[in-house]
Each structure stands twice: as C-alpha cells, then as structure tokens.
Amino acid sequence: MLFHILQSITPEAEKIAQRFSTDSLHTKGAEIAEILRNTPPKELIEEMVTSFIKFGIKLVFALILYFIGAWLIRKSKKFIARVFTRRGADATLTSFMQSLVTAVLWILLIMFMIGTLGINTTSLAALLAAGGMAIGMAMSGTVQNFAGGLMLLAFKPFKAGDYIEAQGFAGVVKSINIVSTKIVTLDNREVILPNGALSNGTINNYSANPLRRIDLTVNVSYGSDAEAVKAELMRIIGENEKILNAETPGAQDPTVVLSGLKDSSVEFLVRVWVRSLDIREVRYALTEAIYTGLPAHGISFPFPQLDIHLKHN
C-alpha cells in the first residue's frame, strides 16, 4: 500500500522534495554564507533595506487586498440573501449557498494574497497535490458532511424553522451550512449536527404537517361511572377553543374511549386534533384541566396499592 502511495507522487512534488532535501539545504546554506562573507557591509545593508521595503510594499498590498476581499465577501453574502429572498427561495437553500460561496471566495482570496506576497503558487499547488492523499484521508469526514448537506438540500427532509429530533437532540432548525446543521433547543442551546450523520440517520420532523393529534391516557379508580368520566372529559375538551373537529380539513372529531383495565385503574384514551403550533399549549392545558376537573365531579385518580391477605393457622 505504501509503495503505491509513493508511486502516485507527481514529478513536481518530487522536485520540491529534492529542493528541500538535507543536502540541498546544506548547499544553500553554504552559498548564503559565501555571499555574506564576500559582500561589503554597506552594500549588504542596502540590499537588506531594499528587500524589506519591497516586502513591506507587497505586505501592504496584501493587507489592502484582504480588507477589500473580506468586504466583498460580506457584501456577496448579503447579495445572495437578497436574491434568494426576492425569488422566494427556502431559507435552508439560502444559508447553504451563502456558506458555500463564502468558502470558495475565502480560498480564492487567500490564493491571491499568497501570490501578492510573491510566493510561487504553482509550487504550492504541486506540494498540495503531493499531500493530496493525506489531506483527502484527513478530510474524509468533511467531504462526507458536504455530500450529506447536498442530500439534505436535494430531498429537503426539513427546512429552517422546523422542529426536528435527530441524533439524540431536538430543536428548531436555525440554518444548514455546507458541512453542518444548527438547531436551537427549547432551553436555547445551539447544537451543531454534522450533515453526514444527519442525512444517514433517522429524522423526526414535528413541523412537517400543519395538524397533529394528541393522545392522552387518563387513569381513574375502579368503581367510577364510565359514562360520567367520558362526559366530563368531553366537556373539558369542548372548553378548549384550539382543539379542532372534523370541519377542519385533515382533522377529526375528538374521541374518548375506555381503552384498558389496569391492575389498579381504569384507563381512558383521549384523542384530539390541533394545529402543530398549538400542540404543547393544548397538551399542557388539557392535562391541567383533567387533573382539576375530574375530582371536582367526584371522579378520583388511582394510586398503586397492594392487598395483603393473612391466614391464621
């Protein structure tokens, strides 16, 4: 395997390696020492001052290029956002294209700055080509995340603003970049998920559909009147204005059924349809209303109990 890797090194890279070999460094050092020995101090100082001035001018131009380039990159991000927003594009696509264009522009800017400083970019490119395999192996995860970002962008399992659960985290999608996706949890933590694992894993999108169903189980004590329990639960449901009925397309009428007989309780199942944005509020409101409403009508909640029978011999 190592033999094949060494064979794949380009001739340009071999020349660069030879240029930086030990023997070559000794030779260059000897040449520099000979020049310093034979050059008069005044002429040497003048040459050093001239070299510093030339390098300083190049450095100033490189810094000017950096500030202008950074300003143009910021402007390009805003321009992309305006163009995509004007065309009604999804916020996910906008953030992805912004991060992609920004990365490409920064790479070009760095290459231009290196060229302005007088560094041979051709040799630098050949050196990068020689280490391409090692860089590729080191960045395999980054490439996988980039491909995952393209998959998310193409199939759109979620968009910015959706509430999702993936990779053990749940939150609202903030943005999708070229290699990662940012979500904000309900307690305002920002979690960054790699796109590679995200695109290959299970994604639970709670915001995909406009309507959601809430299932609540209510346990009451044995001996309770089943019809009275169902009537009271339906009364509580009717008092909540955010609960939908069959008149709303995609929704169904609320239902209450006796669903099971447990060891210490009778189980009732409550099913109601609500809009996805109201699901937490309605769930909490129903739970509180059931807890306060049933006992007020003589319906008690059970608690675990164990009957022990003793026999006397």
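**Reading the features**

Author: Ser 175 lies in strand 2 (residues 169-176). Helices (H or I, at least four residues) and strands (E, at least two) are DSSP runs, numbered from the N terminus. This is a predicted model, in which local features need pLDDT of at least 70, side-chain atom pairs count only at pLDDT 80 or more, and totals for chains, interfaces and linings use all residues. Residues are numbered from 1 along each chain as its sequence is written, and side-chain values use heavy atoms, with hydrogens and water left out.

Reader: Is Ser 175 buried or exposed?

Author: The terms rest on relative accessible area: buried means under 20%, exposed over 50%, and partly exposed in between (1.4 Å probe, protein chains only). Ser 175 has 14% relative accessibility, so the residue counts as buried.

Reader: Which residues is Ser 175 in contact with?

Author: Contact means heavy atoms within 4.5 Å. Leaving aside neighbours within four places in sequence, Ser 175 is in contact with Ser 95, Ser 180, Thr 181 and Lys 182.

Reader: How do I read Leu 211 in those terms?

Author: Leu 211 is found in strand 6 (residues 211-220). Its relative accessible area is 13%, and therefore Leu 211 is buried. Not counting residues up to four places away in sequence, Leu 211 touches Leu 244, Thr 248, Pro 249, Gly 250, Ala 251, Trp 273, Val 274, Arg 275 and Ser 276.

Reader: What do the totals for the chain look like?

Author: The chain has 11 helices and eight strands. Of its 313 residues, 27% are buried. Among contacts with a separation of 6 or more, 65% are between residues 24 or more positions apart. The chain exposes about 21,200 Å², and carbon and sulfur atoms supply 62% of that area. Accessible areas come from the Shrake-Rupley method with a 1.4 Å probe; for residues, only the protein chains shown count as cover.

Reader: How many salt bridges are there?

Author: Side chains of opposite charge can pair when their charged atoms come close. The rule for a salt bridge is a side-chain nitrogen of Lys or Arg within 4 Å of a carboxyl oxygen of Asp or Glu. The count comes to 10 salt bridges. One of them joins the side chains of Asp 215 and Arg 271, at 3.7 Å from N to O. This pair links distant parts of the chain: Asp 215 is in strand 6 and Arg 271 in strand 8 (residues 266-275), 56 residues apart. Asp 215 is partly exposed at a relative accessible area of 31%, and Arg 271 is partly exposed at 32%. Arg 213, Asp 215 and Arg 271 are linked in a network of salt bridges.

Reader: Where do Glu 227 and Lys 230 lie?

Author: Both are in helix 10 (residues 226-238), three residues apart, which is about one turn of the helix. Glu 227 is exposed, with a relative accessible area of 53%, whereas Lys 230, at 25%, counts as partly exposed.

Reader: What makes up a nonpolar surface patch?

Author: Patches are made of residues with over 30% relative accessible area and no salt bridge; like charges are joined within 9 Å, and nonpolar side chains (Val, Leu, Ile, Met, Phe, Trp, Tyr) within 5 Å. Here a nonpolar patch of about 950 Å² is made by Ile 45, Val 49, Ile 53, Ile 57, Val 60, Phe 61, Ile 64, Ile 68, Trp 71 and Leu 72. Val 60 lies in helix 4 and is partly exposed, with a relative accessible area of 45%.

Reader: Which residues form the positive surface patch?

Author: For charge, Lys and Arg count as positive and Asp and Glu as negative; His and the chain ends are not counted. The place of a charge is taken as NZ of Lys, CZ of Arg, CG of Asp or CD of Glu. Arg 74, Lys 75, Lys 78, Arg 82, Arg 86 and Arg 87 form a positive surface patch. Lys 75 is found in helix 4 (residues 41-86) and counts as partly exposed at 41% relative accessibility.

Reader: What is the phi of Asn 188?

Author: Most residues other than glycine have a negative phi, and most peptide bonds are trans. Phi of Asn 188 is near 70°, a positive value in a residue other than glycine. Asn 188 is placed in the loop between strand 3 (180-184) and strand 4 (190-194), and at 65% relative accessibility Asn 188 counts as exposed.
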